[in-house]
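Good morning, and thank you for coming.

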Amino acid sequence: MNTRVALVTGATRGIGAEVASRLATEGWDLVITARSAGPLEEFATELAARTGQRVTAVEADLAAESAAEVIGARFGREHTRLDALVLNAGMGSIGAFDEFPLRRLDKLLAVNVRASYGLIQRMLPVLRTTGAKSDHGARVIALSSMTGIAAEPLNSAYGASKAALTSLCETLTLEEHRNGIGATAVCPGYVATDMTVGLAETIEHSEMIRVSDVAEVVMSVTRLSKSVTIPYIPMTRPGPNLWRA
């Protein structure tokens, strides 16, 4: 059985839902995660019915220390290969540097960095097995941000968490390339999702990056052979300043 398998976190909305839909449409089996069981099960059922692929739903709050083990244990009962680990779940928060609450910084780092780190660690054995056997290798694809590459006002905490995620991907590739594992951080500017609704007074959703374009970049990475690795991919809105969110 050569069906490729992906694990997608934060899969019920926005970028995660679009990536999961495209993967299943292209013949992948999936394990998808989200915090809310109802919408997650509904999406998994609909996606499986629409594509004919195997879609397993795992309810998990990535802020919880037990999340990686819960997801990993369920995944192991369903599949023996993992071709793509798509780390989409994340938290956004803006605020001036001088008054940003440290407790909120702790939550950002827990969700955007620690959870991804822990899940990668948990899934490394199956990623290594797949990476050694597949011509595509095994891919870790993290949804990072342009704010982790180029600073934006009010994004000191969020940008720092995404810079850490991008660095994590680079180091993972350096340590695991001999096992056929390559990690890529996809770093878009502001994307028209629920997370950016509050920015509508500053930037219209119509001027933001489309979810479909981000998903297309993610999909393109899964099509590469393991002869190449891409550390990170910046995606920015058109304008006079290319290095902007």
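This is a predicted model: local features need pLDDT of at least 70, side-chain atom pairs count only at pLDDT 80 or more; totals for chains, interfaces and linings use all residues.

Let us begin with helix α3, residues 67–78, and helix α4, residues 102–133. How far apart are their axes, and at what angle do the two helices pack? The axes lie 9 Å apart, and the angle is about 25°. Since angles under 35 degrees count as roughly parallel, α3 is roughly parallel to α4. The crossing in which α3 passes α4 is right-handed. On the α3 side, the residues in contact are Ala68, Glu69, Ile71, Gly72, Ala73 and Phe75; they meet Gly118, Leu119, Arg122, Met123 and Val126 of α4. Sorted by class, this contact comprises seven nonpolar, two polar and two charged residues.

The second pair consists of helix α1, residues 14–25, and helix α6, residues 211–222. Their axes approach within 9 Å and cross at roughly 50°. The two helices, α1 and α6, are therefore oblique to each other. Their crossing is right-handed. From α1, the residues Gly14, Ile15, Glu18, Val19, Arg22 and Leu23 take part, and they meet Val211, Ser212, Val214, Ala215, Glu216, Val218 and Met219 of α6. Here the classes are eight nonpolar, two polar and three charged residues.

I now turn to the single residues. Leucine 82 is found in the loop between α3 and β4. Is leucine 82 buried or exposed? Its relative accessible area is 0%, so leucine 82 is buried. Leaving aside residues up to four places away in sequence, leucine 82 touches Val5, Ala6, Leu7, Phe75, Met123, Val126, Leu127, Thr130 and Ala138. Among these neighbours, Phe75 also belongs to the α3 side of the contact with α4, while Met123 and Val126 belong to the α4 side. As for leucine 62, 20 residues away along the chain, its C-alpha atom is separated from that of leucine 82 by 19 Å.

The other residue is asparagine 155, in the loop between β5 and α5. Asparagine 155 counts as buried, because its relative accessibility is 6% and the cut-off for buried is under 20%. Which residue does the side chain of asparagine 155 join through a polar contact? The partner is the side chain of tyrosine 190, at 3.2 Å. With residues up to four places away in sequence again set aside, asparagine 155 touches Ser93, Ile94, Thr147, Ala160 and Tyr190.

Technical notes: Residues are numbered from 1 along each chain as its sequence is written. Side-chain values use heavy atoms; hydrogens and water are left out. Axes are lines fitted to C-alpha atoms, for helices over the stretch in contact, and angles run from 0 to 180 degrees between N-to-C directions. Helices (H or I, at least four residues) and strands (E, at least two) are DSSP runs, numbered from the N terminus. Angles under 35 degrees count as roughly parallel, over 145 as roughly antiparallel, 65 to 115 as roughly perpendicular and the rest as oblique. A crossing is left-handed if the near helix is turned anticlockwise from the far one by less than a right angle, and right-handed if clockwise. Contact means heavy atoms within 4.5 Å. Ala, Val, Leu, Ile, Met, Phe, Trp, Tyr, Cys and Pro count as nonpolar, Asp, Glu, Lys and Arg as charged, and the others, Gly among them, as polar. Buried means under 20% relative accessible area, exposed over 50%, partly exposed in between (1.4 Å probe, protein chains only). A polar contact is a pair of N or O atoms within 3.5 Å; within protein, one must be able to donate a hydrogen and the other to accept it, and residues adjacent in sequence count only if both atoms are side-chain atoms.
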